[in-house]
Amino acid sequence: MSVVRHDPWSLHRDLLQEMNRAFGRMQQDDSSSGATADWVPPVDIEENQEQFTIYADVPGIDPQSIEVTLENGVLTLSGAREAQVEEKQLERRRVERAHGRFYRRFTLPDTADADNVTARGNNGVLEVVIPKRASSQPRRISVAA
(Lines give C-alpha, C1' and ligand atoms only; values in the text may rest on other atoms or scores of the structure.)
Protein backbone atom coordinates (compact mmCIF):
# COMPACT_ATOMS: atom_id res chain seq x y z
CA MET A 1 0.00 0.00 0.00
CA SER A 2 1.36 3.43 -0.89
CA VAL A 3 0.90 6.59 1.08
CA VAL A 4 -0.55 9.54 -0.83
CA ARG A 5 0.00 13.00 0.53
CA HIS A 6 -3.12 15.15 0.33
CA ASP A 7 -2.61 18.76 -0.72
CA PRO A 8 -5.98 20.53 -0.86
CA TRP A 9 -4.50 23.64 -2.54
CA SER A 10 -2.67 21.87 -5.35
CA LEU A 11 -5.53 22.23 -7.85
CA HIS A 12 -5.90 25.90 -6.99
CA ARG A 13 -2.15 26.50 -7.38
CA ASP A 14 -2.07 24.61 -10.70
CA LEU A 15 -5.01 26.64 -12.02
CA LEU A 16 -3.33 29.91 -11.08
CA GLN A 17 -0.08 28.83 -12.74
CA GLU A 18 -1.88 27.90 -15.95
CA MET A 19 -3.76 31.21 -15.98
CA ASN A 20 -0.54 33.14 -15.41
CA ARG A 21 1.16 31.18 -18.17
CA ALA A 22 -1.76 31.84 -20.56
CA PHE A 23 -1.91 35.55 -19.78
CA GLY A 24 1.87 35.78 -19.99
CA ARG A 25 1.73 34.35 -23.51
CA MET A 26 -0.98 36.81 -24.46
CA GLN A 27 1.17 39.71 -23.30
CA GLN A 28 4.18 38.44 -25.24
CA ASP A 29 2.16 37.67 -28.33
CA ASP A 30 2.31 40.48 -30.85
CA SER A 31 -0.30 38.76 -33.03
CA SER A 32 2.46 37.99 -35.51
CA SER A 33 2.47 34.30 -34.73
CA GLY A 34 -1.25 33.57 -34.94
CA ALA A 35 -2.16 29.93 -34.90
CA THR A 36 1.06 28.83 -36.57
CA ALA A 37 3.28 28.83 -33.48
CA ASP A 38 3.44 26.89 -30.24
CA TRP A 39 5.60 29.55 -28.59
CA VAL A 40 7.11 32.95 -29.29
CA PRO A 41 10.77 33.72 -28.54
CA PRO A 42 11.32 36.94 -26.58
CA VAL A 43 13.31 39.58 -28.44
CA ASP A 44 15.20 42.81 -27.84
CA ILE A 45 15.31 45.35 -30.66
CA GLU A 46 17.91 48.10 -30.91
CA GLU A 47 18.32 50.95 -33.37
CA ASN A 48 21.24 53.26 -33.97
CA GLN A 49 22.20 55.54 -36.85
CA GLU A 50 23.57 52.72 -39.02
CA GLN A 51 21.36 49.70 -38.30
CA PHE A 52 18.60 47.86 -36.51
CA THR A 53 19.53 44.79 -34.44
CA ILE A 54 17.16 42.08 -33.24
CA TYR A 55 18.24 39.68 -30.50
CA ALA A 56 15.97 36.62 -30.16
CA ASP A 57 16.32 34.14 -27.28
CA VAL A 58 16.24 30.64 -28.78
CA PRO A 59 18.18 28.43 -26.34
CA GLY A 60 18.59 24.79 -27.26
CA ILE A 61 18.01 25.39 -30.98
CA ASP A 62 20.72 24.90 -33.58
CA PRO A 63 21.19 28.26 -35.35
CA GLN A 64 21.47 26.42 -38.68
CA SER A 65 17.90 25.15 -38.27
CA ILE A 66 16.38 28.61 -37.79
CA GLU A 67 14.83 30.04 -40.92
CA VAL A 68 15.23 33.79 -41.41
CA THR A 69 13.39 35.22 -44.41
CA LEU A 70 12.72 38.72 -45.67
CA GLU A 71 9.94 39.36 -48.14
CA ASN A 72 8.06 42.57 -48.95
CA GLY A 73 9.53 44.36 -45.95
CA VAL A 74 8.57 41.63 -43.45
CA LEU A 75 11.31 39.79 -41.57
CA THR A 76 10.28 36.32 -40.41
CA LEU A 77 12.02 34.10 -37.85
CA SER A 78 10.82 30.51 -37.62
CA GLY A 79 12.00 27.14 -36.37
CA ALA A 80 11.26 24.47 -33.81
CA ARG A 81 12.48 23.13 -30.50
CA GLU A 82 11.86 19.42 -30.08
CA ALA A 83 10.52 18.09 -26.81
CA GLN A 84 12.93 15.90 -24.93
CA VAL A 85 11.47 12.42 -24.75
CA GLU A 86 12.97 10.08 -22.23
CA GLU A 87 12.17 6.41 -22.02
CA LYS A 88 12.73 6.29 -18.28
CA GLN A 89 10.08 5.26 -15.83
CA LEU A 90 9.22 8.61 -14.28
CA GLU A 91 7.03 9.11 -11.29
CA ARG A 92 6.61 12.81 -11.89
CA ARG A 93 7.56 15.33 -14.51
CA ARG A 94 7.35 19.11 -14.60
CA VAL A 95 7.81 20.80 -17.97
CA GLU A 96 8.17 24.59 -18.15
CA ARG A 97 10.33 25.06 -21.23
CA ALA A 98 8.34 25.68 -24.38
CA HIS A 99 8.75 23.29 -27.29
CA GLY A 100 7.31 22.97 -30.76
CA ARG A 101 7.24 25.49 -33.60
CA PHE A 102 8.01 29.16 -33.14
CA TYR A 103 7.22 31.94 -35.55
CA ARG A 104 7.89 35.66 -35.22
CA ARG A 105 7.39 38.44 -37.79
CA PHE A 106 8.61 42.04 -37.92
CA THR A 107 7.60 44.74 -40.38
CA LEU A 108 10.71 46.67 -41.35
CA PRO A 109 10.69 50.41 -42.01
CA ASP A 110 11.45 51.83 -45.44
CA THR A 111 14.93 52.81 -44.24
CA ALA A 112 16.01 49.15 -43.90
CA ASP A 113 18.49 47.79 -46.44
CA ALA A 114 16.93 44.41 -47.22
CA ASP A 115 19.85 43.30 -49.40
CA ASN A 116 22.43 43.33 -46.60
CA VAL A 117 20.64 41.65 -43.68
CA THR A 118 22.82 39.22 -41.71
CA ALA A 119 22.02 36.69 -38.99
CA ARG A 120 24.16 34.63 -36.63
CA GLY A 121 23.58 32.51 -33.56
CA ASN A 122 25.70 32.47 -30.43
CA ASN A 123 24.98 30.90 -27.02
CA GLY A 124 21.24 30.53 -27.65
CA VAL A 125 20.76 34.07 -28.96
CA LEU A 126 19.97 34.76 -32.60
CA GLU A 127 21.29 38.16 -33.71
CA VAL A 128 19.79 39.68 -36.86
CA VAL A 129 21.44 42.87 -38.13
CA ILE A 130 19.47 45.03 -40.56
CA PRO A 131 21.57 47.92 -41.91
CA LYS A 132 19.94 51.19 -42.91
CA ARG A 133 20.23 52.44 -46.47
CA ALA A 134 22.88 55.11 -46.98
CA SER A 135 20.33 57.35 -48.68
CA SER A 136 18.17 57.29 -45.56
CA GLN A 137 20.93 58.59 -43.30
CA PRO A 138 20.40 62.17 -42.17
CA ARG A 139 22.57 64.56 -44.11
CA ARG A 140 23.51 68.06 -43.05
CA ILE A 141 22.87 70.64 -45.73
CA SER A 142 24.82 73.87 -45.50
CA VAL A 143 22.97 77.09 -46.09
CA ALA A 144 24.73 79.59 -48.34
CA ALA A 145 24.70 83.23 -47.28
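1. Helices (H or I, at least four residues) and strands (E, at least two) are DSSP runs, numbered from the N terminus. In those terms the protein has one helix and seven strands. Along the sequence the pattern reads α-β-β-β-β-β-β-β.

2. A caution on the source: this is a predicted model, in which local features need pLDDT of at least 70, side-chain atom pairs count only at pLDDT 80 or more, and totals for chains, interfaces and linings use all residues. Residues are numbered from 1 along each chain as its sequence is written, and side-chain values use heavy atoms, with hydrogens and water left out.

3. Of the 145 residues, 23% are buried (under 20% relative accessible area; exposed is over 50%, partly exposed in between; 1.4 Å probe, protein chains only). Take contacts (heavy atoms within 4.5 Å) with a separation of 6 or more: 56% of them join residues 24 or more positions apart.

4. Helix H1 spans residues 10–28 and contains Phe23. Phe23 is partly exposed, at 46% relative accessible area.

5. Now the sheet. Four strands form an open sheet in the order E1-E2-E7-E6, with antiparallel pairing (two strands pair if DSSP finds at least two bridges between them). Strands E1 (43–47) and E6 (118–122) stand at the edges with a single partner strand each, so one side of each has no neighbour in the sheet. From one strand to the next, the twist averages 15 degrees (axes are lines fitted to C-alpha atoms, for helices over the stretch in contact; angles run from 0 to 180 degrees between N-to-C directions).

6. E1 and E2 (residues 51–57) run antiparallel, joined by five bridges. Ile45 stands opposite Ile54 in E2.
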